[in-house]
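Good morning, and thank you for making time for this item. I shall take you through one structure, beginning with the overall dimensions and ending with a single residue.

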Amino acid sequence: MDKERISPRQLTFLVISFTIGSWIVLPSGIEAWQNLWLIMFLSLGQGLGFAYLALLLFRRHPGKTLFEIHEIVYGPLFGKLFSLLFLWFFLQTGAGALAVFVTLLKTTVFTTTPDLALLIPWVIIVVYGCRRGIEVIARSNEPLVLATIGLIIASVFLVLNIFERENLLPLFNLPLSAVLWNSLGIAVFPFGQNVLFLMLLPKVNQPQKVMGAVFRGMVLAGLLLSLLQFLAVGVLGKVGELFVFPTYEFYRMINIGEVLTRLELIPLLNFLTMGFIKIMLCVYTMAVGTAQLFNLRAVQPLFFPLGILILLLTRQIYPSISLHLQYIKDVQPYFGLFFCLLLPLLTLGMSFLRGGPQREMAS
Amino acid sequence: MIILIVLVFLGLFLYEAPGLVAEEYWRELAVFTLLLLLGLFLSILLASGVELPYVESVWLDLFTGLKKGL
């Protein structure tokens, strides 16, 4: 389990696909709809701040995963308690992403297919990918990310004839409190969830390049999401905020000379691959985390039970998409802030207080 | 339905466990079995129509309760 290594470039790509993940189909902070692409930059700044704190923690304890750091900093008992909290966070993140994608498929393409018929093959593929290991996930992620980036950039040209500049106005029409609240929502939902990578950083073969790799990935993902949101606002206009899945709707509008129409399935399939990577990473980190929690030597056997747990939780994550939207609006910022900022900050503070011999850098 | 679920879980157990026993990974076997039993328990509950709470509804109720209290 410990022999697997990924390169910093692969880490960058993983960060991109994890960040794009499910936000691309279900944006948070939707009430700031027309300003969302600008607020994205504000959130990116906050997200980079969170990531910097988390990476400081990794620098202080090079070669250790988050759960090992917990045990060093808080001692075995409390360390395991904090690790359990994070296990729940990974579980809910993965199940939430899976639930969003199942809802997306059920409302758009497979309208009469039962949930389980979508979920079971999905989970089997996720478990299969995880059993192959992080190297395989990282390598298969590269072409998928490139395809997604290519598609997002190509869509700039596809929407040229339906893009209306007036749709972008009015800009800056929000009160400051709304701007800050929504930027926080975005900072924790796609960007903050990258705290998960603290479990994978020890597997990077050049530890001194980790910080640059993570930052590059987050900035690139932020730019892509902002571009996509910009296009969505330009195409859909004010009504866009009424849709649950605005990205999907805006690809539906593409119409080039009555020939290139109904392109929504291509981005849908493309974004599903990002969702796959996100859920796979969640299951993988959960397995690694569980293995460290119980001092196991092998992670392989844990993937199937954890996949089943994610499947079951996906069915119990929300009864309807409207409740999920309310959750994203009201609870997600606090929930995310607790895990993405508060806990790593607390651990960092405790680590500094305890001082000790962990000063040496992995250079 | 419940018989089908038990069969699936039994199949998973038989697929994974012999390898673990052969390599004497006892702790792994214990954790694996525990997680699998948890999954089995939850699936049987869901399959027999027990109304389990939804995760995000619980969080929403908790946070609205907290906000009212403050």
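Let me begin with the overall dimensions of chain A. For 363 residues, a compact globule would have a radius of gyration near 21 Å, and the 20 Å of chain A agrees with that. Please keep in mind throughout that this is a predicted model. The C-alpha trace of chain A extends over about 65 × 45 × 35 Å along its principal axes. As to burial, 48% of the 363 residues of chain A count as buried.

Next, the secondary structure. Chain A contains twelve helices and two strands. Read from the N terminus, the order of elements is α-α-α-α-α-α-α-α-β-β-α-α-α-α. If we take the contacts in chain A between residues at least 6 apart in sequence, 84% of them join residues at least 24 apart.

I turn now to helix packing in chain A, with helix H4 of chain A, residues 115–132, as the point of reference. How do H4(A) and H10(A) run relative to each other, roughly parallel or roughly antiparallel? The axes of H4(A) and helix H10 of chain A, residues 303–315, are 9 Å apart, and the two helices pack at an angle of about 150°. Since angles over 145 degrees count as roughly antiparallel, H4(A) is roughly antiparallel to H10(A). Their crossing is right-handed.

Which residues make this contact? From H4(A) they are A:Asp115, A:Leu119, A:Val123, A:Val126, A:Val127, A:Cys130 and A:Arg131. From H10(A) they are A:Phe303, A:Phe304, A:Gly307, A:Ile310, A:Leu311, A:Thr314 and A:Arg315.

The crossing of H3(A) and H4(A) is right-handed. On the H3(A) side we find A:Leu98, A:Val102 and A:Leu105, which meet A:Asp115, A:Leu118, A:Leu119 and A:Trp122 in H4(A). The contact of H3(A) with H4(A) divides into six nonpolar residues, no polar ones and one charged.

Let us now consider the contact between the chains. It draws 29 residues from chain A and 23 residues from chain B. On the side of chain B that touches chain A, three helices of chain B each supply at least two residues: H1 (2–22), H2 (26–47) and H3 (55–69). Which helix gives the most to that side of chain B? It is H2(B), with eleven residues. The residues on this side of chain B are 16 nonpolar, three polar and four charged.

A:Phe163 has 17, so it is partly exposed. Leaving aside residues up to four places away in sequence, A:Phe163 touches A:Leu231, A:Gly234 and A:Val235. By contrast, A:Tyr327 is 164 residues from A:Phe163 along the chain, and their C-alpha atoms are separated by 32 Å.

That concludes my presentation. Thank you for your attention.

Definitions and conventions: Residues numbered from 1 in each chain as written. Chains lettered and ligands numbered in written order. Predicted model: local features only at pLDDT ≥ 70, side-chain atom pairs only at ≥ 80, totals over all residues. Contact = placed C-beta atoms within 7 Å. Helix = DSSP H or I, 4+ residues; strand = E, 2+ residues; numbered from the N terminus. Nonpolar A, V, L, I, M, F, W, Y, C, P; charged D, E, K, R; others polar. Axes fitted to C-alpha atoms, helices over the stretch in contact; angles between N-to-C directions. Parallel < 35°, antiparallel > 145°, perpendicular 65-115°, else oblique. Left-handed = near helix turned anticlockwise from the far one by under 90°. Buried ≥ 20, exposed ≤ 12 C-beta atoms within 10 Å, placed from the backbone. Rg over C-alpha atoms; globule rule 2.2 N^0.38 Å.
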